[in-house]
Amino acid sequence: MSSGSRFANFPARFYLRKYYAHIGPENAALMRAAAAAVASLDTLGTVVELGGGPSLCGLLAMVAATDSGPHRVVWVDIGAPNGEELAAWLRDDSAAFDWGPALRWLERETGADAHALTARLRAAHWDVRRADLWDGLPAGVGGVGDVVASYFLAEAASDDADGFVELTRRVREAARPGARVALAYVRRSEPYRLEDATLHPAFAVDEHSLLPLLHAAGLQFAELEVRRGPRDEPPARPGYAGLVLAHGRLREPLAGA
Ligand SMILES: C[S@@+](CC[C@H](N)C(=O)[O-])C[C@H]1O[C@@H](n2cnc3c(N)ncnc32)[C@H](O)[C@@H]1O
């Protein structure tokens with residue numbers, strides 16, 4: 001049976017420094033896609049982020065794209081250090097990771113005010129759940145998401161289509177009908193290493209293979225955009241070909257269904 005336990009001690013600070021200390025084409029594309037996912041909403045309501053790790057990139061972009069912060073953020077991840085990073089940022093700890101590069105990029109891109117944006121996100125009710133998504137959603141998270149986001153989870157934590165689909169089912173399970181969904185993947189990922197020498201398996205997905213996998217996971221979209229995203233140069237690590245970005249709106253149940 002699959003388990004997320006190899007991510008239990010996810011190297012959160014190493015990962016943040018490596019991938020989020022600088023906003024290159026990949027992070028810019030992710031933030032634009034996250035913003036596009038929620039652009040038609042007046043308020044974000046409840047945002048569920050699955051495998052969110054220590055990254056606030058997508059959420060900051062969503063807050064910048066709407067006039068209000070989320071009412072509630074439900075953050076599900078198995079890595080204990082990720083929760084510690086989030087907690088440090090939420091209490092404005094001087095040792096917290098500096099999200100300045102992403103905030104300054106959002107200021108330039110959207111005209112948002114970084115202080116207001118930060119305050120709005122910190123003011124949300126944060127519900128940080130440490131859980132293994134192979135075991136299903138934690139209690140109380142099913143169907144609560146007005147917005148459900150998952151970036152670099154399903155392809156990074158599985159090594160075959162069945163595993164990818166199983167983790168993607170959590171997106172559908174967390175969403176209310178009509179929810180906005182934002183998804184991102186490392187495109188055509190080969191096995192990869194984090195801080196230590198362990199080689200992590202990955203599932204190679206691209207913009208052509210993604211849609212049937214989303215359907216197999218039970219996601220039915222009223223609107224969907226899937227596209228290939230850029231790759232940083234030099235690339236962040238060996239063995240991938242940019243990003244795959246998808247965002248859309250789930251179907252409402254049909255009348256009488
Ligand atoms: C590559 S990181 C992506 C982090 C973040 N979403 C981002 O955009 O940078 C993968 C994340 O998925 C989490 N993860 C992996 N398997 C998991 C599982 N079975 N249940 C919950 N979280 C898991 C890891 O702890 C890690 O934070």
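Predicted model: local features only at pLDDT ≥ 70, side-chain atom pairs only at ≥ 80, totals over all residues.
View 1. Residues are numbered from 1 along each chain as its sequence is written. Strand β1 covers residues 46-50 and strand β2 residues 72-77; the two run parallel and are joined by five bridges. Strands (E, at least two residues) and helices (H or I, at least four) are DSSP runs, numbered from the N terminus.

View 2. Two strands pair if DSSP finds at least two bridges between them. Axes are lines fitted to C-alpha atoms, for helices over the stretch in contact, and angles run from 0 to 180 degrees between N-to-C directions.

**View 3. Helices α1 and α4**. The axes of α1 (residues 12-20) and α4 come within 8 Å and cross at roughly 65°. The two helices are therefore roughly perpendicular to each other (65 to 115 degrees; under 35 is roughly parallel, over 145 roughly antiparallel, and the rest oblique). A12, R13 and L16 in α1 meet P81, N82 and E85 in α4, where contact requires C-beta atoms, placed from the backbone, within 7 Å. By class, this contact of α1 with α4 has three nonpolar, one polar and two charged residues. Ala, Val, Leu, Ile, Met, Phe, Trp, Tyr, Cys and Pro count as nonpolar, Asp, Glu, Lys and Arg as charged, and the others, Gly among them, as polar.

**View 4. Helices α5 and α6**. Helix α5 (residues 100-110) and helix α6 (residues 114-123) have axes that come within 9 Å and cross at roughly 120°. α5 and α6 are therefore oblique to each other. In α5, L103, R104, L106 and E107 meet A114, L117 and T118 of α6. The contact of α5 with α6 has four nonpolar, one polar and two charged residues.

**View 5. The shell around the ligand**. The ligand is surrounded by 19 residues, the closest being G4, G51, G53, G79 and Y151. A residue is near a molecule if its C-beta atom, placed from the backbone, lies within 6 Å of it. By class, the shell has 10 nonpolar, seven polar and two charged residues.

Technical notes
Contact = placed C-beta atoms within 7 Å.
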